[in-house]
Amino acid sequence: MDVKEFTAAYREAFGERPELPLLFRYTDTPLRPVEKVGGCFFKALAEARRGLPVSLNAGNIGCGGGKFYTGFSPMPEFVPQFVSLKERYKRTPEMVLEFIAALDLRPAPKAWLEFVRADVAETFDGAEGVLFFAAPDALAGLVTWAADAGASPFGSGCSSVVAQAVQENRNGGRRCFLGLFDPSVRPWVEPDVLSFVVPMSRFREMCGMMRASCLFDTHAWSKVRERINNDN
């Protein structure tokens, strides 16, 4: 299934109202570098969601954690203390270090990280993952389509979206990740939206089984799909 076939099938399964997902990949030839993003780079992804490619690198990601979790810089020294003592997302700096060690982060393989909406992308080639922004009804379809592959490890937006998917794709894994639970990223997405990220290693399998899933020709999903597209 190529990008155009997927886009058509996704529209058939979910209707016209849910937004199309973003593909993200590392590249040396960026489509559209953006101005430096102060703070969380998820601010800039609003443009990608509207159809404008967003190309990020070490120079235009303003957040130290964002640079780190995308592989563009080593871990800043302040991160363990900041995450535990300031943000209080982990109880101790040591727990932060344990969490980071488990991610097995590696340097970015290319100079840019690019987010492109599926209907704007020409190919899946080189993509690390597929990022969906979805409300609960659409999430129900995505999680069910992914079968038993869903996971929801807590982390920053950039770690739960980029770092987790890149690691999973590198390892040929099947886990898909619910995310955007981090209070620091919540202001940059709608109040009823979470992320669902599928590494390409799993997405290829899911495309092959898409029409055999509940998303096509089932009574239960047809009712949910109707509500997604008719809800005011």
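A nonpolar core is a set of buried Ala, Val, Leu, Ile, Met, Phe, Trp, Tyr and Cys residues joined through side-chain atoms within 4.5 Å. I keep in mind that this is a predicted model.

Entry: cores. I looked up the largest nonpolar core and found 38 residues in it. F41, F115, L131 and F133 have the most contacts inside this core. Helix 7 gives the largest share of it, six residues. I also noted a second, separate core of 34 residues, which includes Y10, L20, A118 and F196.

Entry: F115. I set aside its neighbours within four places in sequence and listed what F115 touches. Among its contacts are L22, L23, F24, F41, L45, L131 and V162.

Entry: helix 5. I went on to helix 5, residues 93–103. Its buried residues are P93, V96, F99, I100 and L103. They cover an arc of only 120° around the axis, so they lie on the same side of helix 5. I recalled that an α-helix has 3.6 residues a turn, so residues three or four places apart point the same way. On the face turned away from the buried side I found the exposed residues E98, A101 and A102. The buried residues pack against helix 3, helix 4 and helix 7. After helix 5 comes D104, with a positive phi near 50°.

Entry: helix 5 against helix 7. I read an angle of about 45° between these helices, with their axes 10 Å apart. The two are therefore oblique to each other. Helix 5 makes the contact with F99, A102 and L103, and helix 7 with S159, A163, Q164 and Q167. I sorted the contact residues into four nonpolar, three polar and no charged.

Notes: Residues are numbered from 1 along each chain as its sequence is written. This is a predicted model: local features need pLDDT of at least 70, side-chain atom pairs count only at pLDDT 80 or more; totals for chains, interfaces and linings use all residues. Side-chain values use heavy atoms; hydrogens and water are left out. Axes are lines fitted to C-alpha atoms, for helices over the stretch in contact, and angles run from 0 to 180 degrees between N-to-C directions. Helices (H or I, at least four residues) and strands (E, at least two) are DSSP runs, numbered from the N terminus. Angles under 35 degrees count as roughly parallel, over 145 as roughly antiparallel, 65 to 115 as roughly perpendicular and the rest as oblique. Contact means heavy atoms within 4.5 Å. Ala, Val, Leu, Ile, Met, Phe, Trp, Tyr, Cys and Pro count as nonpolar, Asp, Glu, Lys and Arg as charged, and the others, Gly among them, as polar. Buried means under 20% relative accessible area, exposed over 50%, partly exposed in between (1.4 Å probe, protein chains only). The arc is that of the directions from the helix axis to the C-beta atoms.
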